[in-house]
Amino acid sequence: MAAAAGAAATAAAAAAAAAPRSPGAPTAAARARRLPPLLVLLAAAAAGPGAGGAARLYRAGEDAVWVLDSGSVRGATANSSAAWLVQFYSSWCGHCIGYAPTWRALARDVRDWAAAIRVAALDCAEEENHEVCRAYDIHFYPSFRYFKAFTKDFTTGENFKGPDRELQTVRRTMIDFLQNHTDTDRPPACPPLGPIPPSDVLSLLDNRDGRYVAILFENNSSYVGREVILDLLPYENIVVKRVLDADEAFLEKLGVSSLPSCYLIYPNGTRGLMNIGKPLRSFFSSYLKSLPDVRKKLISLPEKPNKEENPEVVIWREFDRSKLYTADLESGLHYLLRVELATHRSLAGAELQTLKDFVTVLAKLFPGRTPVRKLLETLQEWLANLPLDRIPYNAILDLVNNKMRISGIFLINRIKWVGCQGSRPEFRGYTCSLWKLFHTLTVQAGTHPEALDGTGHLSEDPKFPKVPWPSPDLCPACHEEIKGLHSWNEGQVLLFLKQHYGSDNLVDTYAADQEDAHEGGAPPEGGEQERGLVSPEKPQGEQRAKSLRPPSVLPPRPDLSQGLQLGLDGGHQSVSRAEGHREVEVAVPFLGMGFSSLDMSLCVVLYVASSLFLMLMYFFFRVRSKRWKVRYHRLSV
């Protein structure tokens, strides 16, 4: 969710830049509306204590969820006697807020499994947890990580891989995760969850060790047996086993007619089929826990972190709802650049380009205070000129924090919501500031369209800008005005598309090239330019320049029927001459591999000149070698 929010921010900013340009910024409301004083007091009371304005979706001592932080997460998950399922969330994340009731319910539902596996949560929105969330490589909120028992080396955990995040799905995935442990690293409090063979049931029937033995018969796809085993984990004087695919005759003998069913063996040796209302996990577990002498063990679990936040007075800032507050925009930028972006150790490829695009839009359109705008401009220039394919986040953070001590640039390093305050800390805040930022950039793009000149994509043709299509000059009937507002006539648009892209609208001009002529065995009839031939009277560069002229200034296409008529009027000799001339023209590109006669002549001249040069060089060195021999002979004499 964190990276997704950053990507969404960039996408929205880009959309803002490309949005239809409004004639001007919207006017402010004539009368400011303020919150009633009573509501202000209630909101302040409901907000309660908080660290840095962050919310507490889970509270230690109140919820069954183990609340972790930067100081406890590593100690809890490292070399633990139990496995862990940790949710890394952000208190401002809408998905996290919506999922919190499910997570609390899951923790309550598996409370008795704590000796084997524990359900925890860590708030990455807390300022003290920023670094630890980076260390665990958290990019999305919420993120779910499993940590095996007795893990000694640091690990970022295993990602949750369930098909959905419903309570039952997560609970069953927790069981699968426990079964993935080996015998050496399985939590010692967790009993074997695998089935016993049907042959072992007979030995259990003769149980005389003073404990209850519950045998759950079920099919392969059932999780009921394993869930009941874990539900009874903290209870003593009872053992739960599960059996799969038992023989039908054997089941009949025990009175088992449907699956799942539980066969109970009492400590005194009596036994029989357990009679419950519905064959569900909760019914089985509740019945077994209520048996005489079945009571909870005294299991020493590590004490849950119960660190209460220091009571802090949350100051409600009275604000005018018709105004846009700089504090909200700058607080949003602070959180985006210092917290959200910090989930990436480095940025490269599409992620880096997305950041560059977003910072460019901010540098061009952000209307805030001068030091903030200068910082954004500095960051944009630095990103644009840095010749690296991958940039570490710490380098970006150093510039945002102005470690180089550049005069006149600054961005607040704390959160101060004003117009984005909520009645509770988890409401509004960061997400509100993002929307305000997007709308602000949209209005700025409409008010100052020239600010984005030169920031388009490299593939954008400045002479053919992207506009809504078909344009009025192509299809006047496609455009209408209803009550002074532009509207599309969809029926006319559909008719235009059918005509524009229909086969009757195809034009063959420039369609044939030289390769097509070779493959077809004969050139298409028409002028030289249509056959891909170059006239020897005109330089090739001039010919190519003509072919690159825009369609509006190209010469009219020669009328082939007119040329044919002229040939017929000239008699048989004209036709023969034309055919002979055409044969010569066909032969030239065939022999010259596409070269004109002028090109061939130049090749011959170059060939003769190079031959003469080689001969001259040969005679030169020949004469020189003879002189050397004569001179050497005289010296020796």
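Helices here are DSSP runs of H or I of at least four residues, strands are runs of E of at least two, and both are numbered from the N terminus. An unreviewed UniProt entry lists residues 604-621 as "transmembrane region"; such annotations may be inferred rather than shown by experiment.

The model is predicted: local features need pLDDT of at least 70, side-chain atom pairs count only at pLDDT 80 or more, and totals for chains, interfaces and linings use all residues. Residues are numbered from 1 along each chain as its sequence is written, and side-chain values use heavy atoms, without hydrogens and water.

| Helix | Residues |
|---|---|
| Helix 11 | residues 326-340 |
| Helix 15 | residues 430-447 |

Their axes are 8 Å apart, at an angle of about 110°; axes are lines fitted to C-alpha atoms over the stretch in contact, and angles run from 0 to 180 degrees between N-to-C directions. Helix 11 and helix 15 are therefore roughly perpendicular (65 to 115 degrees).

One cavity of 30 Å³ or more is found in the whole structure. A cavity is a set of points on a 1 Å grid over the protein atoms alone where a 1.4 Å probe fits but cannot get out, and lining residues have an atom within 4 Å of a point. The largest cavity has a volume of about 50 Å³, the space filled by probe spheres set on the points. Its lining includes Cys124, Tyr141 and Val339, while helix 5 (residues 130-135) gives the most, three residues.

Terms used. On a 1 Å grid over the protein atoms alone, a cavity is a set of points where a 1.4 Å probe fits but cannot get out, and a pocket is an open set with protein on both sides within 12 Å along at least five of seven lines; lining residues have an atom within 4 Å of a point. Angles under 35 degrees count as roughly parallel, over 145 as roughly antiparallel, 65 to 115 as roughly perpendicular and the rest as oblique.
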